[in-house]
Amino acid sequence: MNLDFIDNGIVLNHIQAGRAMQIVEALKLHELESTVAILKNVKSTRMGKKDLIKIDEMIDFDVDALGFIDPGITVTIIKHGKIAEKKYLTPPRTLTNIIRCKNPRCITSTEQEINQIFSLAQPEPPVYRCQYCQAAYTNGK
């Protein structure tokens with residue numbers, strides 16, 4: 001399968017198989033006017049299968065949200081048809097307003113203007129804890 005050449009854009013590679021659509025939703029890629037190619041279940045020597053997203057436009061996005069969804073993602077920035085930069089993500093130490101606390105007794109459930117802040121409590125597998133009530137949250141891995 002051939003995909004068009006990207007002159008200026010972003011490639012999200014090494015996405016855990018099945019997570020591409022979660023990333024499309026989180027980054028609102030479906031709202032872009034430019035071309036977005038989503039490849040699912042691509043054969044990978046390292047991962048067995050992986051997903052891949054190519055974006056034919058430079059966009060700003062929340063790297064922490066992406067690192068939370070799948071910290072194994074490689075972000076490749078393409079400029080003038082060449083790799084300008086590669087970023088290897090890790091689980092972010094703090095998440096602010098990316099996830100919501102599920103504890104109905106947490107202050108964030110009654111005080112809507114309070115930021116939803118979670119801290120990384122355990123790196124592998126990533127477990128986050130609410131700053132206010134210490135409720136644990138994982139991303140279903």
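## Contacts and overall build

In the protein chain, 57% of the contacts with a separation of 6 or more join residues 24 or more positions apart. Contact means heavy atoms within 4.5 Å. The model is predicted: local features need pLDDT of at least 70, side-chain atom pairs count only at pLDDT 80 or more, and totals for chains, interfaces and linings use all residues. Residues are numbered from 1 along each chain as its sequence is written, and side-chain values use heavy atoms, with hydrogens and water left out.

The protein chain has three helices and nine strands. Both kinds of element are DSSP runs numbered from the N terminus: helices are H or I with at least four residues, strands are E with at least two. Their order along the sequence is β-α-β-β-α-β-β-β-α-β-β-β. Along the principal axes, the C-alpha atoms fill a box of roughly 50 × 30 × 25 Å.

Across the boundary, four residues of domain 1 are in contact with six residues of domain 2.

## The β6-β9 sheet

Four strands form an open sheet in the order β6-β7-β8-β9, with antiparallel pairing. Two strands pair if DSSP finds at least two bridges between them. Strands β7 (residues 117-122) and β8 (residues 127-130) run antiparallel and are joined by four bridges. Gln 122 has Val 127 in β8 as its bridge partner.

Gln 134 sits in the loop between β8 and β9. Gln 134 counts as partly exposed because its relative accessibility is 45%. The classes are buried under 20% relative accessible area, exposed over 50%, and partly exposed in between (1.4 Å probe, protein chains only). From Gln 134 to Gln 16 the sequence distance is 118 residues, and the C-alpha to C-alpha distance is 28 Å.

## Surface and charge

Of the 141 residues in the protein chain, 37% are buried. The chain exposes about 8700 Å², with carbon and sulfur atoms supplying 47% of it. These areas come from the Shrake-Rupley method with a 1.4 Å probe.

There are 18 positive and 16 negative charges, and their mean positions are 10 Å apart. Lys and Arg count as positive, Asp and Glu as negative; His and the chain ends are not counted. Each charge is placed at NZ of Lys, CZ of Arg, CG of Asp or CD of Glu.
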